Amino acid sequence: MTVTEQIEIRRLGATEVRAQLDGLAAVLADCVEGGAGVGYIAPFTHEEGRRVYEAYAEDVEQGRRILLAAFSFGALVGTVQIVFAPHPNQPHRADIARMLVRRSARRRGIARLLMERAESEARAAGKTLLVLDTVTGGDAERLYTRLGWTRVGVIPGYALSPNGRPCDTTVFWKAV
Ligand SMILES: CC(C)(COP(=O)(O)OP(=O)(O)OC[C@H]1O[C@@H](n2cnc3c(N)ncnc32)[C@H](O)[C@@H]1OP(=O)(O)O)[C@@H](O)C(=O)NCCC(=O)NCCS
């Protein structure tokens, strides 16, 4: 018998983020271990990942960001966030951040589902302009191009990859 994978995308409130800290930390740690340039240097521990998402839970509670998670057969396999611009002159703008899918769950369209839901959640929150940046030449750059994001350009040597090597960043925007 073939079991069809059911991917469920859920918006997590602050209490749910706290309840899912282990799942979220595991996804982040897996991505950093896999070499993803998402803000951290290796080695990156599960405990550090929990602390990172504890801080995000606080932001979710304060209405400063929205956190989405993807579940496959009940297990958390991916996540993304919509971070509202803090300045009063940008009430219509948000950043897309921390798009992460576990290595074992990639290439099944989970990031696409997360981004489609992120865009609709952003619209529902009154945001019409989204911005993001990502490592130049990575899998995510292809994803965003495929999903209709406009490439602004490349900033050389913007950040360090987990192994400490400098990498370039590509900036994108999308009107939603
Ligand atoms: C970038 C990232 C989020 C993409 O996640 P994903 O769930 O694998 O993305 P998708 O499945 O939607 O698309 C990935 C590829 O799988 C392909 N794909 C999607 N569904 C598929 C399916 N059912 N069968 C085969 N291939 C499929 C897509 O066409 C795409 O192909 P491409 O990379 O050759 O263009 C993931 O690689 C990741 O977490 N990377 C590390 C963290 C990172 O860099 N995040 C970005 C921060 S800005």
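1. Helix H2 passes helix H3 in a right-handed crossing, a term for the near helix being turned clockwise from the far one by less than a right angle, with left-handed for anticlockwise. In this predicted model, local features need pLDDT of at least 70 and side-chain atom pairs count only at pLDDT 80 or more, whereas totals for chains, interfaces and linings use all residues. Residues are numbered from 1 along each chain as its sequence is written, and side-chain values use heavy atoms, without hydrogens and water.

2. H2 covers residues 21–33 and H3 residues 46–61, and the two pack at an angle of about 115 degrees with axes 8 Å apart. Helices here are DSSP runs of H or I with at least four residues, and strands are E runs of at least two, numbered from the N terminus; axes are lines fitted to C-alpha atoms, for helices over the stretch in contact, and angles run from 0 to 180 degrees between N-to-C directions.

3. Gln-81 lies in strand S3, residues 75–84, and is buried, with a relative accessible area of 0% (buried is under 20%, exposed over 50%, partly exposed in between, with a 1.4 Å probe and protein chains only). Its side chain makes a polar contact with that of Arg-65 at 2.6 Å (N or O atoms within 3.5 Å, one able to donate a hydrogen and the other to accept it, with residues adjacent in sequence counted only if both atoms are side-chain atoms).

4. The whole structure holds 0 disulfides, meaning pairs of cysteine sulfur atoms within 2.5 Å. For Cys-31, the nearest cysteine sulfur, that of Cys-167, is 15 Å away; Cys-31 is buried at 2% relative accessible area, and Cys-167 is buried at 15%.
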